[in-house]
Amino acid sequence: MQISLDISKTLRSGEREFQLEARFVSQGQRVVVYGPSGAGKSQMMKALAGLMTPDRGRIELAGRCLYDGVAGIDVPARERNVAYLFQDYALFPHLNVRQNIGFGLQRGWRNPRAGVDGEAIRYWLQAFELEHVAHQFPHQLSGGQRQRVALARALAPQPSALLLDEPFAALDPGLRARMRAELDTLQRRLAIPMLIITHDPEDVRVFGEHVLRMEQGRIVEETQA
Ligand SMILES: Nc1ncnc2c1ncn2[C@@H]1O[C@H](COP(=O)(O)OP(=O)(O)OP(=O)(O)O)[C@@H](O)[C@H]1O
């Protein structure tokens, strides 16, 4: 993946002020952002996904400019072609597994039919071994299944990059290890560039081709495998 990011943002809540001054360039396929709580990791990822607008700077992904404060470029989130997986997976509670996966596939497809099918959905149900729960709703799934649905939904529209914000934080240690191994295999198979936020040293070990350590809104250290 080719990312070039150089952004500033001042976030205020009441008396508190947080200054994000993030800058890095990466050619890595597996980039890990590591650092303490409140360092600005999620805000940086949101800027990349188009969910937070910086005060100034420039963001480029795979040779395409997504944001440029000076040139007045700010590509809307839905046109950035990046998949962003939130900490809590954010599945739609009123849609079943099949519909959740189908959601990202068609623009403007706000309310897919319960029986919605299609080759792409079948492929992802099969790839993630979710066929037997295709008609179940998120609250009827285990943590690992929910995560697989979220990943399948994120990958179904064939994004050019996958952004994961602490993808294993909500899982128990056994499942976390299994899902980590699954993601490792999947990323290699699909060769999809991935940027992952984590607190967990084991994620850094497995996915850290390029590791960015973040503290107080800045990238303070970089290591490349
Ligand atoms: N909407 C907002 N308004 C004001 N400040 C905010 C807002 N969102 C986040 N912040 C502040 O920005 C800082 C960075 O938050 P961010 O969520 O990026 O940290 P993080 O490194 O991802 O932390 P964690 O690992 O706990 O998720 C924090 O100090 C937070 O309080």
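**Group meeting talk: a walk through a predicted model**

Leaving aside the residues within four places of it in sequence, Arg180 is in contact with Phe168, Glu202, Asp203 and Val206. Arg180 lies in helix H5, which covers residues 173–190, and it counts as buried because 20 other C-beta atoms lie within 10 Å, where 20 or more is what the term requires.

Let me now step back to the whole protein. It has six helices and eleven strands, and its C-alpha trace spans about 45 × 40 × 35 Å along the principal axes. For 225 residues, a compact globule would have a radius of gyration near 17 Å, and the protein, with 18 Å, agrees with that. Of the 225 residues, 38% are buried. If we take the contacts with a separation of 6 or more, 65% of them are between residues 24 or more positions apart.

Helix H4, residues 143–155, has 13 residues and reaches 18 Å from its first C-alpha to its last, close to the 18 Å expected at 1.5 Å a residue. How many of the 13 residues of H4 are buried? Ten of them are, so that the helix is mostly covered, and among these buried residues are Arg146, Arg148 and Arg153, as well as Val149 and Leu151. The elements that cover them include strand E7 (82–85), helix H2 (97–103), helix H3 (119–127), strand E8 (161–165) and H5.

Next come the strands. Five of them form an open sheet in the order E2-E1-E4-E5-E6, with antiparallel pairing. Its edge strands are E2 (16–26) and E6 (73–74), each of which pairs on one side only. Strand E5, residues 64–68, is joined to E6 by two bridges, and here Asp68 stands opposite Ile73. Elsewhere, six bridges join E10 (residues 210–215) to E11 (residues 218–224), and these two strands also run antiparallel. His210 stands opposite Gln224 in that pair, and the two strands form a hairpin with two residues between them, where Gln216 in the turn has a positive phi of about 45 degrees.

Ala62 is another case, with a phi near 50 degrees; it lies in the loop between strand E4 (56–61) and E5, and it counts as partly exposed because it has 13 C-beta neighbours inside 10 Å. Glu129 likewise has a positive phi, of about 50 degrees, and is found in the loop between H3 and H4. Glu129 is exposed, with 11 other C-beta atoms within 10 Å.

Finally, please look at the ligand. Which elements each supply at least two residues of the shell around it? They are strand E1 (3–13) and helix H1 (41–49). The residues around the ligand include Leu11, Arg12 and Ser13, and also Lys41, Ser42 and Gln43. By class, the shell has three nonpolar, seven polar and two charged residues.

Technical notes. Residues numbered from 1 in each chain as written. Predicted model: local features only at pLDDT ≥ 70, side-chain atom pairs only at ≥ 80, totals over all residues. Helix = DSSP H or I, 4+ residues; strand = E, 2+ residues; numbered from the N terminus. Rg over C-alpha atoms; globule rule 2.2 N^0.38 Å. Buried ≥ 20, exposed ≤ 12 C-beta atoms within 10 Å, placed from the backbone. Contact = placed C-beta atoms within 7 Å. Near = placed C-beta within 6 Å. Nonpolar A, V, L, I, M, F, W, Y, C, P; charged D, E, K, R; others polar. Expected span 1.5 Å × (residues − 1). Pairing = 2+ DSSP bridges.
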